Each structure stands twice: as structure tokens, then as C-alpha cells.
Amino acid sequence: MHIPVLTIDGPSGAGKGTVSRIVAKKLGWNYLDSGSIYRSLAIALQKTSVDLANVSEIVKVAQVMALEFECGDELIVKLNGEDITSRLGLESTGHIASRIAALPDVRRVLLQKQQDFRQAPGLVADGRDMGTVVFPDAENKVFLTASAAKRAERRYKQLIEKEIDANLIQITREIEERDRRDMERKAAPLAMAVDALYIDSSEMTIDAVVEDVLNLIR
Ligand code: C5P
């Protein structure tokens, strides 16, 4: 049976997660937050104290880690049975995730884990290479972006709302550094698929972006 896929790629903080979750809910489709797979591996590596320069050890950890995703109102992720949801969003986790995501062997091991999410009646897949590498045959592809300044501002507000100490200048710098690393890496760099719809959300509300994405599917 053919299972439709909608891919939403773009840099961090463009609103992919929020938009993907809403669209998946409206369509009644499954949702893949592929960044959380890289983030889970980052946490697994922290737990086992593997040296980030040791690629073969990193690959071994990636091969044996057991991940469970519970997609309710909020995504709950379990790593080898332990709930790691509260650590997933940390800046330190994202930083390590982006470093190990540059390793081709790591991406190869994680490819099948991501493709397994393609289950009926459909899938919304959010990440960097969903439309280019993981689901190149997806019939609907979106590239969602926003200026680095806007993305930093949104991230800053999120942290302040959660009463986490934050510094806007530092966040902007980190976002720019992560963009650079994600775009310049050789393995599956962040790039727009030729057949993707380009949306710049800098001056758009979430509802407007959701509407554009749903119109694409309709
Ligand atoms: O999207 P999120 O910020 O959770 O992703 C964390 C990191 O994982 C990104 O900075 C990126 O380096 C990596 N990633 C990736 N490919 C994906 C999703 C995430 O390389 N499809």
C-alpha cells in the first residue's frame, strides 16, 4: 500500500515542529520529529561517556539504542526504557546532536529508524533532510525557514516563558553556528529539495503557515 508523506525541512527555530504537529493532527497522520532521534543519540552518548571523536563507538551506541515515541499532546521519548523528554530540548543536547549529525556513518544507521515511521494513513516528517534523503519520493515537500534574528527571538521567548535564563545575543550566535554546521556538512546538508514549496515564516503566524501547508496537500 502506498503511504503518503509530507516532509517539512528547514533550519532550527523556523517553526517546523509546531507546524508539523498541527498539520499531522489535522490530517490524522503520524508524526516524525527526526531531530529528536539525533537528540536521543546525543543523550545516549552523554550517558555512556563516549568520546565524540570516536566514530565507531558512536555508531555502536546508535545501533543498540532502543527508542520509543509516544505521540500524545506532547511528544514523550524513552531511551532504553527511560523517559528522556525533559533533556531533549536542552541547548547542550542540540549542540551534541548537531555535531554527531555531521557523521555519515551515524546518519546511515539512523536512516531506517526514521523510514520505519512511514505508517498508514500517512506521515508528516520534520527535519533537515526529510525531502532530500530520507523520503525523496514524498509527494508533498515544504522548506520552512525564517531569518536567524527571528528564530533567535522566538527561542529566547520560549526559554523565558519556561523561566530558563537566556541571553538573546548568545542564542543568535548559537543559531548561526548550528545553521552553518548543518548547511556546510558533507553528509545530507540542510538544503531545499528542488520540488519543495519555500515558506519564509519570519512575518507569518503559525496559523498562516499551517494554512499554506494544508493548501499544498489539498
Ligand atoms: O531539529 P532539531 O533542532 O531537534 O535537530 C537537532 C540537530 O539534529 C540539528 O541541528 C541537526 O544537526 C540534526 N538533524 C539532522 N537531520 C535531521 C534532523 C536533525 O541532521 N533530519
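Start by selecting Val5, Leu6, Thr7, Ile8 and Asp9 in strand 1. Val5, Thr7 and Asp9 point to one side of the strand, while Leu6 and Ile8 point the other way, and all are buried. Buried here means under 20% relative accessible area, exposed means over 50%, and partly exposed is in between (1.4 Å probe, protein chains only). Strands (E, at least two residues) and helices (H or I, at least four) are DSSP runs, numbered from the N terminus. In a regular strand, side chains alternate between the two faces of the sheet.

A word on what you're looking at: this is a predicted model, where local features need pLDDT of at least 70 and side-chain atom pairs count only at pLDDT 80 or more, while totals for chains, interfaces and linings use all residues. Residues are numbered from 1 along each chain as its sequence is written, and side-chain values use heavy atoms, with hydrogens and water left out.

How many residues of strand 1 (residues 5-9) are buried? Five of the five are, so the strand is largely enclosed by the rest of the structure.

Next, bring up the partners of strand 1. Two strands pair if DSSP finds at least two bridges between them. Strand 6 (residues 123-127) runs parallel to strand 1 and is joined to it by five bridges; look for Asp9 opposite Gly127. Strand 7 (residues 140-145) is also parallel to strand 1, with four bridges joining them, and there Ile8 stands opposite Val142.

Now click on the ligand. It is surrounded by 15 residues, and the closest are Arg39, Arg107, Asp129, Asp182 and Arg185. A residue is near a molecule if one of its heavy atoms lies within 4 Å of it. What kinds of residues make up this shell? Four are nonpolar, four polar and seven charged. (Ala, Val, Leu, Ile, Met, Phe, Trp, Tyr, Cys and Pro count as nonpolar, Asp, Glu, Lys and Arg as charged, and the others, Gly among them, as polar.)

Color helix 2 (34-48), helix 5 (91-100) and helix 9 (168-184): each supplies at least two residues of the shell. Helix 2 gives the largest share, four residues.

Zoom in on some atom pairs:

- Ser34: an N or O atom in its side chain is 3.0 Å from a nitrogen atom of the ligand.
- Arg39: an N or O atom in its side chain is 2.6 Å from an oxygen atom of the ligand.
- Asp182: an N or O atom in its side chain is 2.7 Å from an oxygen atom of the ligand.

Taken alone, the ligand exposes 450 Å², and the protein buries 94% of that. These areas come from the Shrake-Rupley method with a 1.4 Å probe; for residues, only the protein chains shown count as cover.

Stay with helix 5 and pick Ser98, which lies in it. Ser98 has 5% relative accessibility, so it counts as buried. Its side chain makes a polar contact with the side chain of Arg181 at 2.3 Å. (A polar contact is a pair of N or O atoms within 3.5 Å; within protein, one must be able to donate a hydrogen and the other to accept it, and residues adjacent in sequence count only if both atoms are side-chain atoms.)

Next stop: an open, antiparallel sheet of three strands, in the order 3-4-5. Its edges are strand 3 (67-71) and strand 5 (82-83), each pairing on one side only. Find Leu67 and you'll see Leu79 of strand 4 opposite.

Finally, zoom out. The protein has ten helices and eight strands, and 45% of its 218 residues count as buried.
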